[in-house]
Amino acid sequence: MTGGPVRVLVADDKENMRKLLAKILADGYAVEEAEDGARALSLVATRPYDVVVTDIRMPGADGFELLGAVKARAPDTEVVMMTGYATIADAVRAMRMGAFDYLEKPFDPDAALAVVARAAEHKRLADAARRDDASGGEPSSFHNLVGRSARMRAVYGLLDKAAGLDITVLLLGETGTGKELAARAIHYHSARRERRFVPVNCGALPAELVESELFGHARGAFTGAAAAKAGLFEEAQGGSLFLDEVGELPLPAQVKLNRALQEREIRRVGDTQPLKVDVRVIAATHRDLREEVRAGRFREDLFYRLHVFPVTLPPLRERAEDVPLLAQHFLAKHARALRRELAGGFDPEALRRLAGYPWPGNVRELENAVERAVAVSSGDRVRVADLPAEVAGAAPAGPEPADLAKLPYKEAVAEARDRTSREYLVALLAEFGGNVTRAAERAGMERESLHRLLRRYGLRSDDFK
Ligand SMILES: Nc1ncnc2c1ncn2[C@@H]1O[C@H](COP(=O)(O)OP(=O)(O)OP(=O)(O)O)[C@@H](O)[C@H]1O
Ligand SMILES: [Mg+2]
């Protein structure tokens, strides 16, 4: 299936049965008919179908022969068997041969429609999975970063570009959004990957030691400096230096850092001799650096030197569609680490609560919540009761009025509607374990309309299975 209507072949020797099915499937399906087994065999040999609905007893070739021919030629095409004399033996044989399901005659039109819809959905997913395999698909991760929302895919594109450019990169984003992972991703995708990645948390260094840590010091430069020592810049020679929490650097150190970036050379504290350094700097901060500049806490010249290639990691609440994928990723990771067998994954309601929680601590908080849930769970799946209380009790998050108040009325209303729609869709998919047909029934809309909406919000039903 490549867009367009779902192609269905109906094979039955009774004309009234073919007409009935054609009528049931008239909306959204392109139906062709075969009046006997021989005709059906020649059709499936020459044309692609998404779903074949076939009678078992027909002249020419029976339904089993047709099923065998379809599975040999196009294994992804789903076959639904119909019979007026359903026996367990026939049904078992059909399922063994790869039939998707069977319908007992006489059938309820709604039941027939539901079965064909499920078969078509199954086929669509198989097609999508194959396309992903063939083309690399839409990436669901980059280095160790997981997520396939449009926002994260845009980030992957920027990180990849930054990796190839050997320029200073500034990573922005709230706590726990993956800035350090992003810094490593850049380094390990760059030409410097064979050399060192040296991380330093600028906020954790005592103010009086920052400069000697970064740039090293000469022997006797200050009390206690018994021997000369190389700094982190020199340690990172040829590689990358990750200046985490760069917004916390004291002003004097900012002056030296700015000079180092400009001149591509450093001076050890207490030394006059400059040293050439070949280091790519990747900086990160959760602060609003412009605000820090305005407040006089961050030097404007350094700000502009760092702000060459800014990349913002979006908060998790703005890409709620990544929550199920991340949650499953962490569940697998911690189940392995804790030697827990959790074949059942998440209970759908647990997944729904996870997706509805606003995650102020972002991915770090999600990982901690999942790790804890894995540890306290008993049985083969994680349930609501295993989640931290604030997550278990989470009502679906609503738009934040404070954010909305920054927008003109019309944009604010559109934004609020978008957020509510996305949260509704996430809850709906979680409720039905990713079953689009059932979700569409509950929503009271056509499957195709629901699919359109899911595409628009970048949601994938697979992530909720
Ligand atoms: N997209 C992601 N995929 C997988 N794991 C992630 C992702 N983002 C963050 N994590 C995990 O969440 C935790 C926090 O990530 P990281 O340390 O990179 O965040 P940070 O932005 O540097 O946060 P802070 O500002 O608090 O230092 C880490 O354990 C990291 O492995
Ligand atoms: Mg960090």
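I'll start with His-187, which is found in helix H7, residues 179-188. Helices here are DSSP runs of H or I with at least four residues, strands are runs of E with at least two, and both are numbered from the N terminus. Before going on, the ground rules. This is a predicted model, so local features need pLDDT of at least 70 and side-chain atom pairs count only at pLDDT 80 or more, while totals for chains, interfaces and linings use all residues. Residues are numbered from 1 along each chain as its sequence is written, chains are lettered from A and ligands numbered from 1 in the order in which they are written, and side-chain values use heavy atoms, with hydrogens and water left out.

Back to His-187. Is this residue buried or exposed? His-187 counts as buried, because its relative accessibility is 0%; the cut-offs are under 20% relative accessible area for buried, over 50% for exposed, and partly exposed in between, with a 1.4 Å probe and protein chains only. Contact means heavy atoms within 4.5 Å. Setting aside neighbours within four places in sequence, His-187 is in contact with several arginines, namely Arg-192, Arg-193, Arg-195 and Arg-196, and also with Phe-197, Gly-239, Ser-240 and Ile-282.

Now the chain as a whole. There are 20 helices and 14 strands. Of the 465 residues, 47% count as buried. A compact globule of 465 residues would have a radius of gyration near 23 Å, but this chain has 30 Å. That radius is taken over C-alpha atoms, and the globule rule is 2.2 Å times the number of residues to the power 0.38. Along the principal axes, the C-alpha atoms fill a box of roughly 100 × 45 × 45 Å. Among contacts between residues at least 6 apart in sequence, 68% join residues at least 24 apart.

Strand S1, residues 6-11, pairs with strand S2, residues 29-34, in the parallel sense over six bridges; pairing requires DSSP to find at least two bridges between the strands. From S1 the chain crosses through helix H1, residues 15-24, to S2, and this β-α-β crossover is right-handed. Right-handed is the case where, with the strands pointing away from the viewer, the path from the first strand over the helix to the second runs clockwise.

In the loop between S1 and H1 sits Asp-12, which is buried, because its relative accessibility is 0%. Not counting residues up to four places away, Asp-12 touches a set of residues including Arg-18, Glu-35, Asp-55 and Lys-105. From Asp-12 to Leu-306, 294 residues apart in sequence, the C-alpha distance is 71 Å.

That brings us to Asp-55, in strand S3, residues 51-55. An unreviewed UniProt entry places the feature "modified residue: 4-aspartylphosphate" here; annotations may be inferred rather than shown by experiment, feature names are shortened, and positions follow the numbering used here. Asp-55 is buried, because its relative accessible area is 5%. Which residues does Asp-55 touch, not counting those up to four places away in sequence? They are Ala-11, Asp-12, Asp-13, Gly-63, Met-82, Thr-83 and Lys-105.

Lys-105 comes up again in the backbone geometry. The peptide bond from Lys-105 to Pro-106 is cis, with omega near 0 degrees, and Pro-106 lies in the loop between strand S5, 101-104, and helix H5, 109-135. As background, most residues other than glycine have a negative phi, and most peptide bonds are trans. Glu-245 has a positive phi near 55 degrees. Glu-245 sits in the loop between strand S10, 240-244, and helix H10, 251-263, and counts as buried at 19%. Asn-362 also has a positive phi, of about 55 degrees; Asn-362 lies in helix H15 and is buried at 0%.

Last, helix H18, residues 409-431. At 1.5 Å a residue its 23 residues should span 33 Å, and the end C-alpha atoms are 33 Å apart, which agrees; the expected span is 1.5 Å times one less than the number of residues. The buried residues of H18 include Arg-419, Arg-422 and Leu-425. H18 is followed by Gly-433, with a positive phi near 55 degrees.
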